[in-house]
Structures are given as structure tokens and as C-alpha cells.
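Me: Can you walk me through this structure? I'd like to start with the ligand.

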Amino acid sequence: MPDLDAFSLQGKCALVTGASRGIGGAIAAGLVAAGATVFGLSRSGVAPQGVTAIACDLADDAAIGRAFDCVAKTTGRLDVLVNAAGISLPAGATDELQRFRATLATDLTAVYATILAAYPLLKQTGGGSIINVTSINSVRGFPGNPGYVAAKAGLAGLTRALAGDCARDGIRVNALAPGYVATDMTAGSYADPAMHEDRRRHTMLGRWGQPDDLVGAAIFLASPASAYVTGQELFVDGGWTAKGLAISTDGTS
Ligand code: NAP
């Protein structure tokens, strides 16, 4: 008989970065619904109902350290770390090299800084689950945003590297890779009829994702239900990366 209690996060403590809105916000709320005590980190210090907000800029290593001190003092444990904070800078926002560096700083280097800061508490708790939010950009060469593509491919690599390094402490490390999801980050392409349709047609399921589409997979990776899963990248992309021909949802191509 399957043990459905294995999907429960009752008694667990989680911290989600990028919890003020979008995918991180939905995951933070979902982990609360699954029973966890959840801290939500962002610059704005906003968090969904039931999530304890921590205002922190991931560019500030000392502030990241203080965030985990706060978790340690409040709950004395950390079972789950979800790295969902991220940026995608529009072309022309800064010069190309600055844009590349800024994107890597937030989407890759800050994730590693967060994992290093969380590690002692995860280890002291006796194991846990780290979930890095990557993207279909980790395996596809999207145009016009090399920093974002490089950061997400790097984060997929970091996930595999750390899965090996963390296993000895009973800590699993996996990546969760969304397709196009309707959030502030994608508001421009969502609102543009041609871009909206282009992204819709790239999926097998014939629709954009919503932040809540990521929640079930996040709970699975966070919980003991995925106890034998590490070093993996789980694509929640409506079939985008698996798709061959441009098949429509009624089966015609
Ligand atoms: P979003 O709506 O723009 O939210 C981004 C989150 O990151 C916000 O909570 C933001 O909070 C936080 N954040 C950004 N920079 C930060 C910093 N320096 N320090 C602390 N927090 C910071 O984006 P989203 O679409 O939900 O994206 C969430 C994750 O999914 C990102 O890693 C993104 O790359 C990935 N993703 C998104 C899509 C998509 O289609 N939307 C697809 C694939 C992957 P504050 O502004 O309050 O700091």
C-alpha cells in the first residue's frame, strides 16, 4: 500500500526565496497547505497568508545569514529550502555585460550563497530537501537573454553537483523547471497576443502554466515521498521540452 502520509510536510520547516509573488509565492502557500511552517524571503518582505515574511536582498550575504539565524531561533530546524527568487532582465535595461553579470549574480551565485547559509541548519536537522527553480532555459537556447539561459543551465549543473556533495548528510538536491508561467516576470509576453500564442503552441497541453501548476511537484520534491530522488530536474512545462512536432491539443499537427 502506498504511504500517502509521505506527501505530508507536517512538523517540517521550509524557507522559500522569492515568496513575495509568482511561483515562489504559490509554492510557499502550497507548503503551508501541506503542513509545513514556512518562511518566505524577498526584498519587499511580502509573503502569502500563513507564511512568515523575511525581508532580505539576496545580493547581501550577511542578510542571508541573518535570515537563517532568524529561522534557527524561531523553529530550531530547517527541512526544506526552495530557491525560487530570480530575475530576467529586459534587453537594453543595462549594457549586455552588466545584464549578464547581474542575472548570474541573482539566478546562480545567490542560490549557492543561500544553500551555503542554510546548510548547517539543514544538516543539524538531520537531512532535508533543497529545490532549485530552474527553467526550460536550462536545456533550450532561448534568444536574446544569454545571461538567463546560462544561469539556469548553471543552476541545473549546480543541482547535480550538490546532490553528490550533500548526500552524505542526508540532504537531497533537485531542480524544478517551469515552462512559461503567467507571473510578473512574463507579463510582457503574456499580454502580447502573438507572443502569448507562440508560447502556448510550444506546449503539448496547449496552455500557459499558472503558478499553482508548480505546487504539486514542489510538495513531492520537498516531502519524504521523494526520499530516493536526488540530482534530478523535474520539468513542469506542459510538455514544452518533450515536444517534437507542433501538434495541437486535438491531435492534428
Ligand atoms: P516574479 O514574479 O518576478 O518573482 C520573482 C521573485 O524573486 C519575487 O518574489 C522577488 O521578490 C524575488 N527576488 C528577485 N530578486 C531578489 C533578490 N535580489 N533578493 C530577494 N528576492 C528577490 O518571477 P516568477 O516568474 O515567479 O519566477 C520565480 C522563479 O521561477 C525564478 O527563478 C524564475 O527564473 C523561474 N521561472 C519562471 C518562469 C516563468 O515563466 N514565470 C519560467 C521558468 C522559470 P521581491 O521583488 O519582493 O524581492
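Reply: Here is a short tour of the ligand's surroundings, then of one serine. Keep in mind that this is a predicted model.

Me: How many residues surround the ligand, and which are the closest?

Reply: There are 29 residues around the ligand. The closest are Ser20, Arg43, Ser44, Tyr148 and Thr183.

Me: How does that shell divide into nonpolar, polar and charged?

Reply: It has 13 nonpolar residues, 11 polar and five charged.

Me: Which helices supply at least two residues each?

Reply: α1 (22-33) and α4 (146-166) both do.

Me: What lies 3.0 Å from a nitrogen atom of the ligand?

Reply: An N or O atom in the side chain of aspartate 57. Lysine 152 also has a side-chain N or O atom 3.0 Å from the ligand, but there the ligand atom is an oxygen. Glycine 18 uses its backbone: an N or O atom there is 3.1 Å from a ligand oxygen.

Me: How much of the ligand does the protein bury?

Reply: The protein buries 95% of the 890 Å² that the ligand exposes when taken alone.

Me: New topic. Where does serine 223 lie?

Reply: Serine 223 is in the loop between α7 (215-222) and β7 (233-236).

Me: Is serine 223 buried or exposed?

Reply: Serine 223 is buried, because its relative accessible area is 1% and the cut-off for buried is under 20%.

Me: What is serine 223 in contact with, leaving aside neighbours within four places in sequence?

Reply: Ala6, Phe7, Ser8, Leu9 and Arg172.

Me: And how many residues apart in sequence are serine 223 and alanine 62?

Reply: They are 161 residues apart in sequence. In space, their C-alpha atoms are 29 Å apart.

Conventions
Residues numbered from 1 in each chain as written. Predicted model: local features only at pLDDT ≥ 70, side-chain atom pairs only at ≥ 80, totals over all residues. Heavy atoms only, no water. Near = heavy atom within 4 Å. Polar contact = N/O pair within 3.5 Å; in protein donor to acceptor, adjacent residues only side chain to side chain. Areas by Shrake-Rupley, 256 points an atom, 1.4 Å probe, with all protein chains shown as cover. Helix = DSSP H or I, 4+ residues; strand = E, 2+ residues; numbered from the N terminus. Nonpolar A, V, L, I, M, F, W, Y, C, P; charged D, E, K, R; others polar. Buried < 20%, exposed > 50% of the residue type's maximum accessible area, 1.4 Å probe, protein only. Contact = heavy atoms within 4.5 Å.
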